[in-house]
Amino acid sequence: MLKFIKQECAGWKLLEVLWLVFAGVTITALSLYWKDTMTGIVMALTGVICVILTGKGKMSCYLFGLVNTVLYAYVAFGARYYGEVMLNALYYVPMQFVGWFMWKKHMNQETMEVEKRRLPLTSQAVLLLVTAAAVYVYGLLLKRLGGNLPFIDSMSTCLSVLAMLLSVRRLMEQWILWIVVDVVTVIMWFVSYQNGGTDIAALLMWTVYLLNAVFMFVKWFKESETAA
């Protein structure tokens, strides 16, 4: 355990540490100011820590991710975003375990970060077509279920599924998809808040996710190698 903690603390740059501290303190302080629930605050804080650790390439991201996905599914259910509920409860939770074991096999022993790759252009094109079709079909399903903003919910869900797959496979392109997902989800939770929702922590969490995705796209683009 002590060895694992030392590995997770190794290799951090000052700017990365400052971003982690700033994001965590800010989202906690604002959530308390707007009087969000303790569940919402813990959800938001673990989520922010998770995405920053993911960008850093640290395996502990999956420990924080497990807590976050369970709590987020609960909060999303209360807001009637059923696509988000199913995504987190049925997909993200088990994928935390998959990601842990897949990353464990590909850690750089010098940097103590996961080895990063890029997806070939041909694979990108195929995945783009499949994802577009999935967004449309799943949006129709959510609409029949009576969910809020079904096609926006569907886009967030389908792109998230693909981005998570790219993440556990250590691919740089995940951050492009996360940027799109984060923009869509920020809009979704903003609409919920404007309509009387109280889940301000979820809105703040996804806003931090968006900023983090931009930062980490630059980092992974510089550090990744083309996948075979």
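Modeller: On a 1 Å grid over the protein atoms alone, a cavity is a set of points where a 1.4 Å probe fits but cannot get out, and a lining residue has an atom within 4 Å of a point. This is a predicted model: local features need pLDDT of at least 70 and side-chain atom pairs pLDDT 80 or more, while totals for chains, interfaces and linings use all residues. Residues are numbered from 1 along each chain as its sequence is written, and side-chain values use heavy atoms, leaving out hydrogens and water.

Biologist: How many cavities of 30 Å³ or more does the structure hold?

Modeller: The structure holds 1. The space in the largest cavity is about 350 Å³, a volume being what is filled by probe spheres set on the grid points.

Biologist: What makes up the lining of the largest cavity?

Modeller: It is lined by 24 residues, and C50, V51, Y92, W178 and Y209 lie nearest its centre. Two or more lining residues come from each of α3 (38-56), α4 (61-78), α5 (82-104), α7 (150-168), α8 (174-194) and α9 (200-223). With 6 residues, α4 gives the most. By class, the lining of the largest cavity has 13 nonpolar, 10 polar and 1 charged.

Biologist: Why is α2 called roughly antiparallel to α3?

Modeller: The axes of α2 (residues 14-33) and α3 cross at roughly 165° and come within 9 Å. Angles over 145 degrees count as roughly antiparallel, so α2 is roughly antiparallel to α3. The crossing of these two helices is right-handed.

Biologist: Which residues of α2 and α3 make the contact?

Modeller: Contact means heavy atoms within 4.5 Å. On the α2 side the contact is made by E16, W19, L20, A23, G24, I27, T28, S31 and L32. On the α3 side I41, A44, L45, V48, I49, I52 and K56 take part. The contact of α2 with α3 has 11 nonpolar, 3 polar and 2 charged residues.

Biologist: What makes a pocket, and which residues line the largest pocket?

Modeller: A pocket is an open set of points with protein on both sides within 12 Å along at least five of seven lines. The largest pocket holds about 320 Å³ of space. Its lining is W12, K13, L15, E16, W19, I52, F215, M216, V218, K219, K222 and E223.

Biologist: Which element gives the most to the lining of the largest pocket?

Modeller: That is α9, with 6 residues; α2 and α9 each supply at least two.

Biologist: How does the lining of the largest pocket divide by class, and what counts as charged?

Modeller: The lining of the largest pocket has 7 nonpolar, no polar and 5 charged residues. Asp, Glu, Lys and Arg count as charged, so K13, E16, K219, K222 and E223 of that lining belong to the charged class.

How values were computed: Helix = DSSP H or I, 4+ residues; strand = E, 2+ residues; numbered from the N terminus. Axes fitted to C-alpha atoms, helices over the stretch in contact; angles between N-to-C directions. Parallel < 35°, antiparallel > 145°, perpendicular 65-115°, else oblique. Left-handed = near helix turned anticlockwise from the far one by under 90°.
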